[in-house]
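Thanks for sending this one over.

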Amino acid sequence: MKNTSLTKTMHPGVQFLINNAVPILFVTLLIFAVPLSGYSGGYLVNEMITRLARNSFLVLSLLIPIIAGMGMNFGIVLGAMAGQIGLIFISDWQVVGMPGMLLAMLISTPIAVLLGWFCGIVLNRAKGREMVTGYMLGFFMSGIYQLFVLYGMGHIIPISNNDILLPRGFGIRNAINLDQIQGVLGNLINVNIGGINIPIGNFLVIAALCAFIVWFRKTKLGQDMRTVGQDMNVARTSGINVERTRILAIIMSTLLACYGQIIFLQNIGTMNTYNSHDQVGLFAVAALLVGGASVARGSIANVFIGTVLFHMVFVVSPRAGKELIGEAQLGEHFRVFISYAIIALSLALYAWRKQVEKENERRRVQAQNRATLHDQNQGGIEA
Amino acid sequence: MRRNLIRLALILLLIWAGLYLYGAGKMHKVLLDNKDWAQDAVAYTATTPYLVLLDGEEVGTVRVGKRKAGEVMGARHTIVLEELDEDEEPTGKKIEKSFSLKPNDAPVVNIPALVGGSETWWEMYVEEE
């Protein structure tokens with residue numbers, strides 16, 4: 001098939017700028033913000049390593065639905081909720097350390113699979129509008145989750161640990177202390193090089209997931225997902241069960257997000273029962289987009305570049321805001337503004353790129369038709 | 001049929017893994033009493049303070065007539081008692097014991113009974129009404 005993308009129609013330099021507009025914008029922003037913040041290089045490196053270890057797993061969970069052509073899976077919020085339910089149970093049962101974290105993963109696995117399956121079914125009914133549907137689904141499930149945790153726990157599901165139970169006797173407290181599992185993964189193997197703390201345990205798990213994604217892309221299911229992502233009709237004609245493949249992609253993403261949220265919260269050491277999952281989808285999607293991914297393509301490199309750039313802005317913006325205007329709060333607002341703005345910018349760029357590609361394709365076909373018509377006319381005259 | 005068997009085996013494996021992790025990670029609160037205790041007509045008297053270590057972690061000094069609490073994770077544990085003199089300096093006398101707990105056990109260890117060689121040197125904690 002002839003490549004009709006922008007690479008064929010524009011100067012390579014312009015093409016590079018358009019394809020990497022978001023990362024370039026972020027790097028430019030950081031060039032100004034980092035010196036303004038006054039943070040030392042060592043501090044920033046330490047922060048970035050911590051945040052990479054904490055967030056990469058969640059961002060990686062977005063890759064599989066992109067392969068299947070479902071865009072950014074905002075439905076990872078559902079997985080995050082499942083992970084939090086697992087953490088609530090281990091806090092109630094007082095299961096601690098590495099077994100506690102693994103048990104939380106085990107408990108939340110069926111919940112995540114069920115939620116992923118539900119999400120997949122809904123997204124199959126909203127083909128072409130997966131992202132907005134996933135986003136709304138997150139809000140919907142958040143309500144169900146709150147109902148379940150606020151009224152179901154203690155009433156229907158027995159909770160014996162008074163430390164996590166609201167004083168009225170049912171419902172879970174707003175904040176749960178995860179001290180007993182805090183840093184278990186990072187502390188498994190922890191290396192300190194020149195004052196920079198590297199949680200090798202976390203990175204091993206992330207590396208394993210990267211290896212899994214690379215391997216998975218080569219499997220039959222991975223190839224099926226790619227085919228579905230490129231053209232659903234072609235996939236269907238080739239005998240691929242499109243709906244099932246799409247559901248599997250979402251289940252896998254939700255399950256990985258569930259584990260990602262557990263890894264994230266065990267690293268932080270505290271869980272905001274009713275809010276921790278709220279921004280998970282937004283921040284993970286924003287980080288991936290900042291890394292240069294788009295709705296239709298995303299790679300492991302995008303995950304790491306995006307996580308570093310996005311979180312670097314997170315770290316430096318409050319201080320930079322304070323130095324610049326004298327208001328640290330400005331930096332806080334700036335973070336949220338940046339997240340939404342990046343998503344909007346990336347989506348707009350993607351839509352624009354698609355439109356240009358369509359226009360180029362239309363022109364190409366028109367030119368081809370004209371040439372064919374011309375050839376036919378020439379043939380007729382000669383005859 | 002074969003596929004269902006594999007699925008069943010997987011579910012059973014996951015249940016077993018869950019139970020194993022629950023047992024291995026369950027946290028127990030261990031209360032350490034250095035108080036006089038009587039059992040089966042045998043009385044054990046608290047006379048000296050002890051430095052207590054649970055699974056190698058120092059819990060602290062339990063003075064005569066006092067209670068301290070420690071936490072342990074899992075099923076099998078060791079308790080080490082280091083006898084202290086009046087100035088709370090180690091006398092060099094050490095006692096080490098191993099014990100196993102079931103998932104819902106909350107033991108109260110009686111130090112004089114343990115030192116005195118009692119078979120039942122810990123009992124389940126019962127909340128006072």
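The points below go through the salt bridges and then a surface patch.

1. A word on the basis of these notes. This is a predicted model, in which local features need pLDDT of at least 70 and side-chain atom pairs count only at pLDDT 80 or more, while totals for chains, interfaces and linings use all residues. Residues are numbered from 1 along each chain as its sequence is written, chains are lettered from A and ligands numbered from 1 in the order in which they are written, and side-chain values use heavy atoms, with hydrogens and water left out.

2. Over all chains, the structure holds 11 salt bridges. The term stands for a side-chain nitrogen of Lys or Arg within 4 Å of a carboxyl oxygen of Asp or Glu.

3. One of these pairs is A:Glu130 with A:Arg246, whose closest N and O atoms are 2.7 Å apart. A:Glu130 belongs to helix 8 (residues 130-152) of chain A and A:Arg246 to helix 12 (residues 242-268) of chain A, so this contact ties together parts that are 116 residues apart in sequence. Helices here are DSSP runs of H or I with at least four residues, numbered from the N terminus. A:Glu130 is buried, at 9% relative accessible area, and A:Arg246 is buried as well, at 1%. Buried means under 20% relative accessible area, exposed over 50%, and partly exposed in between, using a 1.4 Å probe and protein chains only.

4. A:Lys220 and A:Asp224 also form a salt bridge, with 2.8 Å from N to O. These two residues sit four residues apart in helix 10 (residues 220-230) of chain A, so about one helical turn separates them.

5. In helix 15 (residues 328-382) of chain A, A:Arg363 and A:Glu359 are four residues apart, about one helical turn. Their closest N and O atoms lie 3.5 Å apart in a salt bridge. A:Glu359 is partly exposed, with 29% relative accessible area. Elsewhere, A:Lys127, A:Arg236 and A:Glu243 are joined into one network by salt bridges that share partners.

6. Turning to chain B, a nonpolar surface patch of about 780 Å² includes B:Met1, B:Leu5, B:Ile11 and B:Leu19 among its residues. Such a patch takes residues with over 30% relative accessible area and no salt bridge, joining nonpolar side chains (Val, Leu, Ile, Met, Phe, Trp, Tyr) within 5 Å. B:Leu19 is in helix 1 (residues 2-25) of chain B and counts as exposed at 61% relative accessibility.

Methods:
Patch = residues over 30% accessible without salt bridge, like charges linked within 9 Å, V, L, I, M, F, W, Y side chains within 5 Å. Areas by Shrake-Rupley, 256 points an atom, 1.4 Å probe, with all protein chains shown as cover.
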